[in-house]
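Thanks for coming, everyone. I'll keep this short. Please have the viewer open.

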Amino acid sequence: MAINKEVVDHVAYLARIQLSEEETGKLAKQLEGIVAFIDALKDVNVEHISPTSHILPMQNVLREDIPCQSLPIDKVLMNAPQPEGGFFGVPKIIE
Amino acid sequence: MELAKLTCHELLDLIKDRKISSEHIGDDLQKRIQQNDPKVRAYVRGAQPGGLEVSSEIDTQSILKGIPVTVKDNICTEGMNTECCSRILEGFRPPYDATVIKKLKEAGASIFPVKANMDEFAFGSSTENSRFGPTRNPWDIERVPGGSSGGAAAAVAADEAVWALGSDTGGSIRQPAAFCGVVGLKPTYGRVSRYGLIAFASSLDQIGPLTKDVQDCVLLTGIIAGYDPRDSTSVDVEVPDYTRALVKDVKGLRVGIPKEYFVEGIDPEVKSTVEAAIQKLKDLGIICKEISLPHTRYAVPVYYIIATAEASSNLARFDGVQYGYRSREGKAKNNLIEMYTKTRGEGFGQEAKRRILLGTFVLSHGYYEAYYLRALKVRTLIKRDFDDVFKDCDCVITPTSPTPAFKINERIEDPLKMYLSDLYTISANLAGIPGISIPCGFTSAGLPVGLQILAKPFGEETLFRAAYTYEQNTPWHLQKPKL
């Protein structure tokens, strides 16, 4: 699998990260090396092996739906870069 | 008496005998930090003087009597900066305490007011990926302390902390503990609540202690462990009285030595030091046998697929909307997508970008099955290796890291070489089992070497018993770096 600048640009767009031209080139090279390394897994026979996404034998964890106290709005917004009238402010989305 | 040099249990004994009060400990720590931290830089922002006052509210009836605990920068402490050493969380002050912090406060601990340095978002094995600059190893300040909990480990080793909390996703407690000559435990997955731990890889992360000896490790684990309804992955298994595992007896303990951990790549001095430690344990009565963990060589590639995939998803929340840094450059002011991409481009460091991109790649259309799904299947094989071994072994002993602490800048430009520092610690996270690193000697250059002990899930008591017996029969934990 060749990781070139186009692949890095595409993945960076999916991840919503802006990269400089220099970063894109450097990351393409580094990621190519890392992907070649993880390609080692292609040697493992995984036929009939089920995937482990969670290490403990665990079912869905449910609880009663009981109303309780949430954080007050001022605490929720205390770290917001642009709090506005009790909301999180963002650049305008709809024209 | 230099109180900063003592363990927590020694300090508690002195308080009980009315020889000291907790205020004395805070004062002594401050002095020690002002003296050593300009060299070590274990704390974020270089621990500016004036910000080091430990809370004076002390409940004398409590277990911990106001003794301070140092906390890694990724564990939420209410009203106290928690930034994961990242620009993107600049100035973040959590509106709540992590469950481990709540439990420590209930036990009467003071939370040390400056956080311990770390690799940004715990991405690293050297604490060089911090926006506050690297922490240095107290045993040789030209070298790294390990990572990602390098600030916590260095603070404990340099007596700039009584003890500390770190987090371990692929070795981030155990490897810095080994590099700095302290004790570090990654508990069983689910043993300690992660509520309030800023997530890196949710199927691997655990919070655990870094301490000056095994007894402190036992004390701190007993306080933070337990089920938490706020963390649905925590397990409702009773927390035993771990202090009962503090026995100096390993007679008959069945120990497996995995042959895959002693092959090429291991530093010869690490190998001989660990072999001498195993011999010591044999003299004390363990029964050793060579075992095989055949999928060991796949642990690092599996880890760098699963951990980065989970990280790319967990770190999606840092988008400049709810907290932390927001770019206000150019088009970011009036276009939402530009705001996201610029905020994240400017806010994340190089290693964070590398891992988010790798994780996004292995999850992306066309590659998911070849990489991510395949890694989950190999993870099953790695877990089975341990299941098989624990059928007739009580624990497994290995080196914690293949090398002693390496030089600053030695591996930072070579991510693959850096990733291989975690070769011996990653499997425990993939298998969900507990692991402890304890000091087991020094190289000829005077660098600490760590011994790793692994046990089956919820086998912490076995680890403590083996670790305590070894420690109490050896002098390594009593050595202090010369600063």
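**A walk through chain B**

Let's start with one residue. Ser110(B) counts as buried, because it has 23 C-beta neighbours inside 10 Å. The cut-off for buried is 20 or more. Keep in mind that this is a predicted model.

Where does Ser110(B) sit? It is found in strand β2 of chain B. What does Ser110(B) touch, leaving aside its neighbours within four places in sequence? The contacts are Val54(B), Ser55(B), Gly66(B), Ile67(B) and Pro68(B). Now look at Thr70(B). It is 40 residues from Ser110(B) along the chain, and their C-alpha atoms are separated by 8.9 Å.

Next, helix α3 of chain B, residues 99-106. The buried residues of α3(B) pack against several elements of chain B. Strand β2 (110-111) is one of them. The others are β1 (68-71), β3 (164-168), β5 (206-211) and α6 (214-224). After α3(B) comes Gly108(B), with a positive phi near 95 degrees.

That brings us to α6(B). Of its 11 residues, 10 are buried, so the helix is largely enclosed by the rest of the structure. Among those buried are Val214(B), Asp216(B), Cys217(B) and Ile224(B). What do they pack against? In chain B, the partners of the buried residues of α6(B) include α3, β5, α1 (8-16) and α14 (460-472). Strands β4 (183-186) and β9 (435-442) are partners too. α6(B) is followed by a glycine, Gly226(B), and its phi is positive, near 130 degrees.

Now a helix pair. The axes of α8(B) and α10(B) come within 7 Å, crossing at roughly 100 degrees. The two helices are therefore roughly perpendicular to each other. From α8(B), the contact uses residues including Tyr304(B), Ile305(B) and Ser312(B). From α10(B), it uses residues including Arg355(B), Gly359(B) and Leu363(B). By class, this contact has eight nonpolar, four polar and one charged residues.

Last stop: the other chain. How many residues of chain B are in contact with chain A? There are 55, and they meet 42 residues of chain A. Our helix pair returns here: α8 (299-314) and α10 (350-363) of chain B each supply at least two residues of this side. So do α9 (336-347), α11 (368-389) and α12 (415-419). The largest share, 11 residues, comes from α11(B). By class, the side of chain B that touches chain A has 29 nonpolar, 15 polar and 11 charged residues.

That's my tour. Over to you.

Terms used. Residues are numbered from 1 along each chain as its sequence is written. Chains are lettered from A and ligands numbered from 1 in the order in which they are written. This is a predicted model: local features need pLDDT of at least 70, side-chain atom pairs count only at pLDDT 80 or more; totals for chains, interfaces and linings use all residues. Two residues are in contact if their C-beta atoms, placed from the backbone, lie within 7 Å. Helices (H or I, at least four residues) and strands (E, at least two) are DSSP runs, numbered from the N terminus. Ala, Val, Leu, Ile, Met, Phe, Trp, Tyr, Cys and Pro count as nonpolar, Asp, Glu, Lys and Arg as charged, and the others, Gly among them, as polar. A residue is buried if 20 or more other C-beta atoms lie within 10 Å of its own, exposed if 12 or fewer, and partly exposed in between; C-beta atoms are placed from the backbone. Axes are lines fitted to C-alpha atoms, for helices over the stretch in contact, and angles run from 0 to 180 degrees between N-to-C directions. Angles under 35 degrees count as roughly parallel, over 145 as roughly antiparallel, 65 to 115 as roughly perpendicular and the rest as oblique.
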